[in-house]
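Sequence and model go in first, then my entries.

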Amino acid sequence: MTAGPELTIDQLAGDAAVERLYRQVFAVLARESGAMISDLELLDVDEAILDAFADAGRDGLTVDQAVAACRPIDPGLIHRRFEVLREYGAISKVVERPNERFHRAAFAPYVMLLFLRRLAEQGGQAELHQLLTLEHVSVTAPDATPETGQTTISRLTRIFRHLGNELAILAAGSTAEQLGDHAQLLWGNKGLISQAEEVHTVVLGRWPQLDRECTALRIALAAYADAVEKAAGRLIEQAGTTRALGLLSVETWLSFARTADEDDLAAVLDTFVFDAPAPWFSPNLLTEAVESGRGANTVRQPPPRPEGPSQPPPDDIRPADDAEALRATAERLLGDGTEVTVADVLDGAGDWPSARRLLADLTAIHHHPDLSYELTWSGGLRVDPAGDPSWVSEGTFRRAESR
């Protein structure tokens with residue numbers, strides 16, 4: 001066995017770049033190193049991490065910052081996925097040095113997540129249509145070579161073989177419900193086949209020597225069309241006998257409703273019988289209920305009063321006027337001055353319970369109609385982590401000339 005030609009530096013660099021990109025793309029699929037994701041929650045975790053990097057800007061994120069940005073996800077799970085993404089190269093240090101804490105995210109993994117979401121929701125039809133369009137542009141380009149046409153035909157042949165095999169297996173061994181859930185590529189297949197046939201026509205017309213490859217593509221397209229017909233026939237037969245309209249996709253019913261004539265639309269409901277609903281109540285019962293409802297007495301009756309002359313309330317529950325006590329508190333706080341700040345009052349209280357009572361007294365003095373003092377507030381805020389309280393709004397307690 002002879003060794004192959006020795007690769008140049010440029011070829012090795014190109015291979016390394018391709019490998020690095022593959023590792024970044026498939027990092028979003030790795031549950032752990034060398035494994036694949038088996039839980040949809042891990043996709044959400046990866047997406048949350050990459051979203052956090054997108055919001056962080058060019059400064060990047062540390063592991064702890066990523067955990068804080070991804071709340072309320074389990075921090076342990078964030079740490080594990082962060083390490084997996086970092087090992088695959090999807091996340092790397094901003095500067096390659098031992099003590100670097102900040103990381104940046106690559107673009108490829110997030111694009112892979114977007115494709116995964118779209119493939120899961122739409123079954124890949126949109127991507128396949130786009131691929132066929134790009135292949136058509138590629139083979140019709142003026143500088144296209146026979147190698148370009150051969151590569152395109154081979155790629156499309158494998159794609160339609162995969163699709164035909166999957167649909168054939170689903171149609172033969174799955175229930176009607178499973179077939180309806182998993183056969184996303186079953187609907188709209190005529191457009192896919194037409195696009196592939198257009199590419200086939202261009203390649204065969206430009207490079208007749210590729211007839212063998214084009215024949216393989218025609219066989220793959222025919223096998224795919226047969227599988228589609230069998231799967232669709234089974235679904236329609238099952239839906240027609242059981243009236244389980246949910247077995248067919250919404251797009252199929254919408255297309256039928258838009259394109260069918262009046263006879264076809266009416267035939268859908270031939271076997272259905274609709275009975276007019278019986279009234280729940282007779283007119284006499286409704287009239288009687290309305291009349292009886294009108295006579296309801298809605299006047300509130302006063303509560304019963306004790307008999308005999310009313311007695312004055314005891315002294316301990318009579319309202320007390322604490323104006324003198326509040327005035328004494330205000331004069332003690334103001335002293336010889338005309339105003340004092342709320343921060344000084346609270347600092348002089350000693351502890352928070354006493355400060356809280358003083359603040360309540362200041363508020364009561366301000367609102368008392370017979371006391372000429374006022375309490376005003378401004379928008380400032382004093383912050384002192386070591387103080388008690390640690391923050392105080394800027395306010396002033398002063399004598400007022402008139403109320």
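Below are my notes, from the whole chain down to single residues.

**Ground rules.** I'm working from a predicted model, where local features need pLDDT of at least 70, side-chain atom pairs count only at pLDDT 80 or more, and totals for chains, interfaces and linings use all residues. Residues are numbered from 1 along each chain as its sequence is written, and side-chain values use heavy atoms, with hydrogens and water left out.

**Whole chain.** I looked up the secondary structure and got 16 helices and five strands. Helices (H or I, at least four residues) and strands (E, at least two) are DSSP runs, numbered from the N terminus. Of the 403 residues, 30% come out as buried; that label means under 20% relative accessible area, while exposed is over 50% and partly exposed is in between (1.4 Å probe, protein chains only). The chain exposes about 27100 Å², with carbon and sulfur atoms supplying 56% of it. Those areas come from the Shrake-Rupley method with a 1.4 Å probe, and for residues only the protein chains shown count as cover. I then took the contacts (heavy atoms within 4.5 Å). Among those with a separation of 6 or more, 65% are between residues 24 or more positions apart.

**Strands.** Which strands pair with S5? I found S3 (residues 339-341) joined to S5 (residues 391-399) by three bridges, running antiparallel. S4 (residues 373-383) also pairs with S5 in the antiparallel sense, over eight bridges. Pairing here requires that DSSP finds at least two bridges between the strands.

**Tryptophan 377.** This residue sits in strand S4. Away from its sequence neighbours (residues up to four places away are not counted), tryptophan 377 touches Val342, Leu359, Ser393, Glu394 and Gly395. Valine 342 is 35 residues away along the chain, and its C-alpha atom is 9.1 Å from that of tryptophan 377.

**Salt bridges.** How many salt bridges are there in the whole structure? My search gave seven, each one a side-chain nitrogen of Lys or Arg within 4 Å of a carboxyl oxygen of Asp or Glu. A reminder to myself: side chains of opposite charge can pair when their charged atoms come close.

- Arginine 81 bridges to aspartate 46, with the closest N and O atoms 2.5 Å apart. The pair links distant parts of the chain, helix H4 (residues 75-88) and helix H2 (residues 40-56), 35 residues apart. Buried or exposed? Arginine 81 is buried at 2% relative accessible area, and aspartate 46 is buried at 0%.
- Arginine 155 bridges to glutamate 135, with 2.4 Å between the closest N and O atoms. Arginine 155 is in helix H7 (residues 146-173) and glutamate 135 in helix H6 (residues 125-140), so the pair ties together parts 20 residues apart in sequence. Arginine 155 is partly exposed at 34%, whereas glutamate 135 is buried at 6%.
- Glutamate 324 and arginine 327 meet at 3.0 Å, N to O. Both lie in helix H14 (residues 323-334), three residues apart, about one turn of the helix. I logged glutamate 324 as exposed at 57% and arginine 327 as partly exposed at 28%.
- Glu339, Glu374 and Arg398 are linked in a network of salt bridges.
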